[in-house]
Amino acid sequence: MNVIIQHMPVNILSIWFNIMGWGMIILWIIIRYRKQKEKPAIWKAVLAALAGIISFSWNMMLMDMVVRIAVLPLGVWILHFFLRKHRYEIYCQYAWIGFWSNYIFLAAMLLSTMIHSVMYPINNADTYLANVEQAVLIPTHPTAPQAVLHPKQLRSLIPKLEQAEDQTYTWYSQTSTKGKPDYQMERFPYVVINTHARWGSGLQSMVYLERDGKGLLITTEKRQFYYRSEEPLVEMGGGE
Amino acid sequence: MLQKKKIALLLSAVIILVIIRAGYMYLDHHPKPFPSHEAAVGEMGRSNKNVIQEILEVIHIDDAHVVVPFVSENNEYGIGLWKWEVFSWKLKKIEQRGEPFLWKLKEKDPSSHVLIWNMNPSGQISAIDYYLMRERSYYGTDEHNTYQPRIQLKHRVDASTKSYGAIQLPEVWLQLLEDERAANRSSESFSLFSSFSPRSSIAINWLPRSAAGEFVFPKHTVNGGSYVLSDVSTSPVYIIDPHDLE
């Protein structure tokens with residue numbers, strides 16, 4: 001059980017801030033409800049708030065992700081259209097809470113992302129390779145030299161990994177162009193499976209090992225990081 | 001009094017529903033034996049519009065899924081897919097040709113995908129090499145560059161003694177597919193926000209080999225159609241040229 005929890009790729013910051021967001025909205029509704037003289041049924045107030053979330057929004061890129069900025073309060077307008085004037089006045093404030101909750105969640109998301117980048121620095125190999133106890137090396141190309149991975153050896157070398165400049169285009173062209181010495185020789189002919197990122201980061205990656213055993217290429221959905229080590233990370237030419 | 005009657009009625013209705021549901025679950029999970037060869041030949045022949053001459057084997061994938069490679073009277077090597085569904089064995093699909101394909105029992109779960117083939121033995125194919133492949137690619141944006149290494153993993157299946165088969169994907173392939181799926185799912189922050197990535201995806205290919213290890217074009221295996229009898233998820237496995245290998 002413990003093992004399962006440890007390895008679940010959940011982003012605890014994201015979950016925590018989401019819960020905080022909902023908590024704030026609920027609190028806001030309760031405070032409004034108490035102050036109101038002519039009280040509607042509480043479930044109807046909640047429904048009005050939920051309807052208020054509906055909005056026409058504008059998507060933009062911010063901090064490497066797409067965020068939604070609510071612009072037009074469609075939910076509020078819908079209530080305005082369907083309710084008689086008196087009843088609308090009772091419910092409209094809840095609908096507005098719903099509309100502003102879009103911004104509460106937006107703030108929660110930005111905050112959690114900022115804290116995430118401090119707690120789990122993404123250009124640090126240790127973030128992605130926090131646990132390599134069960135790591136297994138899989139040769140994924142016929143040109144992969146014989147190699148054996150020892151988790152302890154890999155573990156001890158991870159702190160010494162240095163981020164290096166990737167040469168993505170060179171790697172590609174050298175192995176894909178006829179006549180080049182490395183033609184059809186894959187530069188990263190292994191995948192290291194069963195590695196786990198730091199707990200609570202929610203990060204998942206694909207880890208490739210370089211042909212000389214000294215380079216790691218870590219790929220996530222958004223980015224790629226390249227690390228080099230002085231010593232080989234695996235035992236080259238081992239096994240048979 | 002009336003209240004009690006109502007409650008009793010409601011309770012008994014619920015109990016009856018639960019019993020029906022449990023019975024259904026039990027029958028659904030305890031399939032009857034697969035039909036006899038004669039019965040299966042008859043049903044597949046009717047759907048195939050060609051008389052089935054012989055069933056080569058009845059391959060049980062699990063309790064509820066059966067693969068039946070067959071030979072028809074005009075010497076086609078085909079495959080029937082059967083599933084235990086609503087209390088009977090149903091023929092889901094007939095493939096008139098035995099070129100390899102994937103039957104996805106559960107669409108999203110690669111460990112449920114079954115590789116199936118039925119080669120014409122006169123085709124001189126003595127082994128089939130299955131490949132898990134992904135093209136090498138390179139792409140960049142203003143900020144980040146990405147290099148995607150090539151993947152080329154081989155799994156050889158002997159076809160000299162038995163020219164048909166149905167297998168699950170090798171364990172190593174499944175682990176790679178799982179890792180690749182996980183790494184491509186954004187979970188860096190709120191996962192509501194999708195992002196576009198132009199990466200090429202992993203494919204499964206096949207290459208027929210002769211006894212001498214050379215590529216043989218499976219001319220007896222690539223012609224023919226298929227009949228889909230009800231919803232079933234399959235996907236083709238494409239043949240590759242040896243020149244496309246590294």
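This passage covers the nonpolar cores and a nonpolar surface patch of a predicted model. Local features require pLDDT of at least 70 and side-chain atom pairs pLDDT 80 or more, while totals for chains, interfaces and linings use all residues; side-chain values use heavy atoms, without hydrogens and water. Residues are numbered from 1 along each chain as its sequence is written, with chains lettered from A and ligands numbered from 1 in the order in which they are written.

A nonpolar core is a set of buried Ala, Val, Leu, Ile, Met, Phe, Trp, Tyr and Cys residues joined through side-chain atoms within 4.5 Å. Buried means under 20% relative accessible area, exposed over 50%, and partly exposed in between (1.4 Å probe, protein chains only). The largest core holds 33 residues. I128(B), Y130(B), L132(B), L169(B) and L176(B) touch the most other members. Both chains contribute two or more residues through elements including β6 (190-193) of chain A and β8 (127-134) of chain B. Helices (H or I, at least four residues) and strands (E, at least two) are DSSP runs, numbered from the N terminus. The largest share, five residues, comes from α3(B). A second, separate core of 25 residues includes Y128(A), L203(A), L216(A) and F225(A).

Helix α3(A) gives the most, five residues. W43(A) lies in this helix. It counts as exposed because its relative accessibility is 55%.
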